[in-house]
Amino acid sequence: KNKRRHNFMIHKQPPSPPGLPVIGNLHQLGDRPHQSLARLAERHGPVMLIRLGFEPTLVLSSAEAAKEALKTRDVDYSSRPTSFCAGKLMYNYVDLVFAPYSEYWREMRKICVVELFSMKRVQSFQPVRTEVTHYLIESVAASAAEGEAVDLGEVCFELTASIIFKIAFGRSLKGSLMDGKGLEKLLHETTAVLGSFAAADFFPYVGWMVDKLSGLHSRLDRLFERFDGFLEDVIQEHLNSDKIKDNQYEDIVDVLLRIHKEHVRSGANWFTMTNVKGILLDIFLGGVDTGAIALMWALAELVKNPEVMKKVQDEIRHWASGKDRVTEEDIDNLKYFKMVIKETLRLHPVGPLLVPKKTTAKTQMLGYPIQEGVRVLINAWAIARDPKVWHQPEKFIPERFKDSLVDYRGQHFELLPFGGGRRICPGMNMAMATIELVLANMLHRFDWKLPDGMTPEELDMEEGGGFTAFKKVPLKLVPVDNY
Ligand code: HEM
């Protein structure tokens, strides 16, 4: 009997919410697809097969389903769907984020993991993180002296952008070709384009025409030219520079150019300047906004939950008492602070649907048969709020991680802010080093008040939509200097 039931499951399709002719379920996504898909999953279950235009798409919304995709059958779920926008911006998928699963991706990933994102490399950038954080603290202190509110979106963006510029391009953000507001607008436009649903991806033949008419092609051309021009300039500057650098670390362009040279010398010619640019663009697009968004959510949740704010500030001020700054060494002692960050990433995974995946072979998902070449979305946002796994999932309670082994490093499938499996975010350690140092210092030095008599209950926590779930209403707070 059991065998018959098993066979029945093997041949049955996953549940599919009814859609419309041609567009399928596209119209049901709305402007925050992770939330709409979570609602659909409540009705249709943790494994759904939807249709986005002509593209069958598997949506996974439980830890058990995520585990099957990211661990049990990891290889089968490791490719990326083609994306018209990513193909155009990423030099036809020669980067790491959007490269299809292949020998090529494996080689690129090895270079990135060993050379760019290793613990040793992350540590070599410590002076940059420290210097930029000091600068930020002083600029917030100036606002505190005036009693002014600061726009934390702007502050956090400038901070993460300054760090990435220094470590990746060896340049200061200020006075660079791309500066301040212009850069913020450019990066937001690009993530919006990458997160949008280009018609060409979902409607064969006519889609291309629709995108052309809608102006998407010219928008992409414009974005491509700006990024490519910038990267060309940075690379040329590094190639022409014969000055002995005053900084002790190799920046990421230095490392990539060195690898390129080694490849050419050994006769391997696949690692070209275009690959160098592809990786740099991944770091540019993946490394700036993500950290800033996470920092902003952490501060917003802390202001909304004053008792948590007090507890975490007491901890930081206890361990760093008598010091004017929190150092990276101090952070190891901050147990509750680390729980606060985990809880922030649980409620606010920056990429709520991770990066779309694609099946590489005919496979299965919790007993359902799945075709090769199916697009796969893992709803990390919904999984991290699943009431079957999390007690009072909508509440910000860092204590839930006390005596718990659950963390965000891809081994616990109920908490996946950095994804998991072989395509897990390789920039995780780099990102965490920045987030921890900056947040600890902001909480150590300042108390944070809401402006104009606003109460914590009135703080708007709505999310914006697209590739990243950012805080829609900018967070403005008044810093009070505790120095
Ligand atoms: C809070 C900060 C960050 C978050 C939440 C985040 C999240 C993610 C997620 C969810 C993925 C997709 C994983 C999957 O498909 O399973 C990813 C991939 C990636 N991330 Fe991050 N990321 C962050 C910061 C960074 C930084 C700082 C860098 C680089 C300096 C970076 C570089 C990348 C790259 C290159 C990939 C593609 C990996 C591949 O496809 O092989 N990320 N990230």
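Predicted model: local features only at pLDDT ≥ 70, side-chain atom pairs only at ≥ 80, totals over all residues.
Residues are numbered from 1 along each chain as its sequence is written. Helix and strand names follow DSSP runs (H or I of at least four residues for helices, E of at least two for strands), numbered from the N terminus.

**Helix α7**

- The buried residues of α7 are Val-128, Arg-129, Val-132, Thr-133, Ile-137, Val-140 and Ala-144. Looking down the axis of α7, these buried residues fall within an arc of 155°, so they line one face of the helix (the arc is that of the directions from the helix axis to the C-beta atoms).
- Here's a handy rule: an α-helix has 3.6 residues a turn, so residues three or four places apart point the same way.
- Covering the buried residues of α7 are, among others, β3 (150-151), α8 (152-169), α20 (428-445), β8 (446-449) and β9 (476-481).
- With 21 residues (126-146) at 1.5 Å each, α7 should span 30 Å, and its end C-alpha atoms are 31 Å apart, which agrees (the expected span is 1.5 Å times one less than the number of residues).

**Helix α5**

- Trp-105, Met-108 and Leu-116 are the buried residues of α5. They cover an arc of only 70° around the axis, which puts them on the same side of α5.
- Turned away from that buried side is a face with the exposed residues Glu-103, Arg-106, Lys-110, Val-113 and Val-114.
- The cover over the buried residues of α5 includes α6 (119-124), α13 and α14.
- The 14 residues of α5 (103-116) should span 20 Å, and the end C-alpha atoms are 19 Å apart, which agrees.

**Helix α12 and its crossing with α14**

- In α12, Leu-216, Phe-227, Phe-230 and Val-234 are buried, and their cover includes α8, α11 (206-214), α13 (252-265) and α14.
- How do α12 (216-240) and α14 (273-287) cross? Their axes come within 11 Å and cross at roughly 115° (axes are lines fitted to C-alpha atoms, for helices over the stretch in contact, and angles run from 0 to 180 degrees between N-to-C directions).
- The two helices are therefore roughly perpendicular (65 to 115 degrees; under 35 is roughly parallel, over 145 roughly antiparallel, and the rest oblique).
- Phe-227, Leu-231 and Ile-235 in α12 meet Met-273, Val-276, Lys-277, Leu-280 and Leu-281 in α14 (contact means C-beta atoms, placed from the backbone, within 7 Å).

**Helices α16 and α18**

- The axes of α16 (306-319) and α18 (335-347) come within 8 Å and cross at roughly 140°. That makes α16 oblique to α18.
- Val-308, Lys-311, Val-312, Glu-315 and Ile-316 in α16 meet Tyr-336, Phe-337 and Val-340 in α18.

**A loop residue**

- Lys-174 sits in the loop between α8 and α9 (180-195). This lysine has 10 C-beta neighbours inside 10 Å, so Lys-174 counts as exposed.
- Lys-174 and Glu-158 are 16 residues apart in sequence and 9.5 Å apart in space, C-alpha to C-alpha.

Conventions:
Buried ≥ 20, exposed ≤ 12 C-beta atoms within 10 Å, placed from the backbone. Contact = placed C-beta atoms within 7 Å.
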